[in-house]
There are 2 protein chains.
Amino acid sequence: MKQSMTFIPTLREVPADAEVKSHQLMLRAGYIRQNTSGVYSYLPLAQKVLKKIEQIVREEMERAGASELFMPALQQSELWQESGRWYSYGPELMRLKDRHGREFALGATHEEVITSLVRDEVKSYKRLPLALYQIQTKFRDEKRPRFGVLRGREFIMKDAYSFHDTFESLDEGYQKMFDAYQNIFSRCGLDFRAVIADSGAMGGKDTHEFMVLSDIGEDTIAYSDTSQYAANIEMAPVVETYEKSVEEISDLEKIATPNQKSIEEISSYLNVPKEKCIKSILFSVDDRFVLVLVRGDHDVNDIKVKNLYGASVVELATAEETLANLHCVHGFIGPINVPENIEVIADHAVAAIVNGICGANEEGYHYKGVNVERDANITQFADLRFIQEGDKSPDGEGRIKFAKGIEVGHVFKLGTRYSEAMNATFLDENGRTQPMIMGCYGIGVSRTLAAIIEQNHDENGIVWPLTVAPFQLHVIPVNVKDDTQKDLAEKLYKQFYDQGYEVLIDDRKERAGVKFADSDLIGIPIRVTVGKKAAEGIVEVKVRKTGEAFDIPVAELSEKIKQILGN
Amino acid sequence: MKQSMTFIPTLREVPADAEVKSHQLMLRAGYIRQNTSGVYSYLPLAQKVLKKIEQIVREEMERAGASELFMPALQQSELWQESGRWYSYGPELMRLKDRHGREFALGATHEEVITSLVRDEVKSYKRLPLALYQIQTKFRDEKRPRFGVLRGREFIMKDAYSFHDTFESLDEGYQKMFDAYQNIFSRCGLDFRAVIADSGAMGGKDTHEFMVLSDIGEDTIAYSDTSQYAANIEMAPVVETYEKSVEEISDLEKIATPNQKSIEEISSYLNVPKEKCIKSILFSVDDRFVLVLVRGDHDVNDIKVKNLYGASVVELATAEETLANLHCVHGFIGPINVPENIEVIADHAVAAIVNGICGANEEGYHYKGVNVERDANITQFADLRFIQEGDKSPDGEGRIKFAKGIEVGHVFKLGTRYSEAMNATFLDENGRTQPMIMGCYGIGVSRTLAAIIEQNHDENGIVWPLTVAPFQLHVIPVNVKDDTQKDLAEKLYKQFYDQGYEVLIDDRKERAGVKFADSDLIGIPIRVTVGKKAAEGIVEVKVRKTGEAFDIPVAELSEKIKQILGN
């Protein structure tokens, strides 16, 4: 492709409103332009990379046995009413009416469409399993679009759906997709982790998020420093065991602790380590209140509370609710003498606290010498806290570290959530009607594009992995007014093209400095510079990633490039 | 691809609501399913064909020097307000509001978006010309969606836009696109014509529609039986010359013609050929009335009237308007003694009528012996009629024939319609600010898919041209319970795959009759049937298009297939 004829509007300045590197670089290197908040045009270079990513996705989906189809963005409201999501999805689902006043959703995801499609055609276990995918534009009206195409309102997604007659078949299909995702993100040159995630209210069991490790990630991943284990921090179970300290059991004693509310304050005021303090938090769990205890240096993981009760909603009690239930303000509540209607549960670590400190349910007072098994009515000890760095990895191998991650993919066992709601059934081998068992599998294609840049850049611009680079070679005649340079550059351009390379040639009448700066920004893996030595038949080959540069006689060029690309 | 694992829901019955062949076959062969009126899912086979068509489009667009990009479907209303189309587009443009109440159009076309994008980045003639294209889902809320994906509300389109500094450059860019379109539709195996079309109110000059010849087409094409000339019937100029018959000029005479209103009635009542009758039609042309005369066997082409006056709106006068202006009812109006405020114009053919017949502007009466140059006040003789079959071709070569066509592509010189409205300017060589000169170029990709089927099918199903077939080879083990057949079929499947063919294998446990019927429906060019002779190492090769079938030893199979595909 000739740079003079295409559209790569580079910028010298860092755009003021772009916070993260990938967003800045995509703007500066002429990959995207914003149309309106969260809505972007992908310019020719970005489109080339998207097609590369899509091709990788297609190859791995086909290998996993999935067939590509293409479903509509316009989705009649009736389908979403069947699943119930017309009412539950909220303002993120964009809605519109057609000329006849009929209501439509703009596809945010396609569970409803695919379920209706398969339900109408597949009636027998003989036609299962079935895996279908598409690569398609999705619409979600994000409250706060940000980071460029990392969190947009219109984006490109690969979404796959699988249908099964048994849960064993779902497990197999899930594993195939899981493996395909590993391949896809590896081939995209990403440093990522498959992370155990929260299956939320979807009713599914297994779910993994594929997280690209990055400081700008919005999610925290807990991973093992020695094994493959990784989980969303909310999901990581704590497998630590705690031993009671060897000391004499004291009597319970109420003490004045005026204005000492937080664990930090109490610990410092009483000169007691945080590990000896008991943190008591009142939660509203569906229609009741539960007091949750964790050790002072730990934090309550409300998802674990939610899962323990199988609850729909778990929320911190408000100040009013705390006062009404415990007759005490925040900061002084505790597990002793709690009204009978309030259940008290505690993290395992709390059981090991000897002679601890806790709130006295009276403003300005705490207890010391607390031993919960003696002094409080604990219904249950359980794993209720967030994992911390340094904790044992739940798989028993190594210690936990934290990292931030950008979610680029998600594999999910849906089970019968949609098939039951939408009556997608099949006849099993015994002629019995059964709901289909489903899985769904998403990849943020445009987000992956940005995530690759987030992990592959330097101070001069993007540094594309070869597999997804918009071009492999960038030919730069330093001075196009010099016929020798111009002719040699064009000859090489044609030669590379004929050899099957994707080549960009900077045939613009620009200064060398501008061309080199643009080239670094754009980030094509190999640059072939045709400069003054063109007359001697010598060009420079420069590797974008390492910065290595070689003067090479034209005769040896093909071999050299093959060699560099081979590495 | 294994048929047991993919999604090809074929139907035995012709769906009741599918009127045209392509729609019927796409449903029956499992290529599409309707989601709601005018909105379809493209199932795996259709998706494969779409990808083939898209690849052809991409190759030809790149060859024409256009770069691919990808613009959003969500288009802020402000852009459409700038061009004025927010108000003029009508209910076909789908509109919605985001969570903040901001208004958006769902992209029906992208002139506004591309113009704003290029205007913000291109400031100098040095960056022109520029050609950009995308392949994207478009939304148009058709009043009457029909014929399956031929006229849908959500469809896939390739839209390209070019930007130029001079009209000569636009001409060049237009020609490149024109040539690319010829290549694209030829490569898709279509019988089509590039047809001169009406540039409408867009202000452009040249415009061609690419029409696939088909009886179900909604447009009539006038084409030469010997040359490449083709035009929309509205656009074809008439180049016939007319000679006056050699007869004595009669006197004008008013005659009673009670209830004889139509040309047919008058011609028959007076026993005069239609060619001697003068058809008089009153039109409202913008803010005035014009009486248009054509020969009795001809029809007025109102676009020619419109173009003659450079008018915005040309409509037939209503009965009330006729009565008010000519003091006479429809059926008896004529060019003699017309009030001065009404201009009378006539088609060239009328000038050659000697002693003709026309209405007398008095109910129940006509004139005979009419010679318009003597008896009427004709302002102008011009080409005002529709061309007819048998007329001379406007390019002077051959005679005109009519055909129906399905529009699959459109190339259009937009000129400065959008750049002026949206202030997309550049500095020319002399430093003067000029509006960019634009062209736009569309292809209905999903419509092309249907058009190919419309032209390529027989009574048993689709007959794909090789270039766009979803697969090249269809391997059918007749009886998968027979291990010899099953093993050989799978061996061949793998072998073909390794040779680089796209292969579908019907590994389903279905009766042979079902498999053959499905295979014919689906329409893959070559079928390799592995039946009873598998034990002898013999399979059958059948060519879908011709029906030819050969028994071939497996050893000679590769060569035979290469040979057939080579033809």
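The following dialogue discusses a predicted model through questions and answers.

Biologist: On what conventions does the description rest?

Modeller: This is a predicted model, in which local features need pLDDT of at least 70 and side-chain atom pairs count only at pLDDT 80 or more, while totals for chains, interfaces and linings use all residues. Residues are numbered from 1 along each chain as its sequence is written, chains are lettered from A and ligands numbered from 1 in the order in which they are written, and side-chain values use heavy atoms, with hydrogens and water left out.

Biologist: How many helices and strands are there in chain A?

Modeller: Helices (H or I, at least four residues) and strands (E, at least two) are DSSP runs, numbered from the N terminus. The C-alpha trace that carries them in chain A spans about 95 × 65 × 45 Å along its principal axes. Chain A has 16 helices and 31 strands.

Biologist: What percentage of the residues of chain A count as buried?

Modeller: A residue is buried under 20% relative accessible area, exposed over 50%, and partly exposed in between (1.4 Å probe, protein chains only). Chain A contains 567 residues.

Biologist: What percentage of the contacts in chain A with a separation of 6 or more come from residues 24 or more positions apart?

Modeller: A contact means heavy atoms within 4.5 Å. Among contacts in chain A with a separation of 6 or more, the share from residues 24 or more positions apart is 68%.

Biologist: How far apart are the mean positions of the positive and negative charges of chain A?

Modeller: Lys and Arg count as positive and Asp and Glu as negative, whereas His and the chain ends are not counted. Each charge is placed at NZ of Lys, CZ of Arg, CG of Asp or CD of Glu. For the 68 positive and 88 negative charges of chain A, the mean positions are separated by 7 Å.

Biologist: Why is strand E1 of chain A largely enclosed by the rest of the structure?

Modeller: Strand E1 of chain A covers residues 32–36. It is largely enclosed because the number of its five residues that are buried is four.

Biologist: Which residue in the turn between E1(A) and E2(A) has a positive phi?

Modeller: Two strands pair if DSSP finds at least two bridges between them. E1(A) and strand E2 (residues 39–42) pair in the antiparallel sense over four bridges, and Gln34(A) stands opposite Tyr40(A). The two strands form a hairpin with two residues between them. The turn residue, with phi of about 75°, is Gly38(A).

Biologist: Which residue is the bridge partner of Val539(A)?

Modeller: Strand E30 (residues 538–543) and strand E31 (residues 549–553) of chain A run antiparallel and are joined by five bridges. They form a hairpin with five residues between them, and Gly547(A) in the turn has a positive phi of about 80°. In E31(A), the partner of Val539(A) is Ile552(A).

Biologist: What area is buried between chain B and chain A?

Modeller: The size of an interface is often given as the accessible area lost when the parts come together. Here buried area is the accessible area (1.4 Å probe) that two parts lose on being put together, summed over both. In this model, 57 residues of chain B are in contact with 57 residues of chain A. Carbon and sulfur atoms give 58% of the buried area, which is about 5100 Å².

Biologist: Which three residues supply more than any other three of the area that chain B buries against chain A?

Modeller: Together these three residues supply 14% of the area that chain B buries against chain A. They are Phe7(B), Phe70(B) and Arg99(B).

Biologist: Is Gln76(A) buried or exposed?

Modeller: Gln76(A) is found in strand E4 (residues 74–76) of chain A. Not counting residues up to four places away in sequence, Gln76(A) touches Glu103(A), Phe104(A), Asn35(B) and Thr36(B). Because its relative accessibility is 12%, Gln76(A) counts as buried.

Biologist: What is the relative accessible area of Asn361(A)?

Modeller: Asn361(A) lies in the loop between strand E18 (356–359) and strand E19 (365–370) of chain A. Its phi is near 60°, a positive value in a residue other than glycine. Asn361(A) is buried, and its relative accessible area is 12%.
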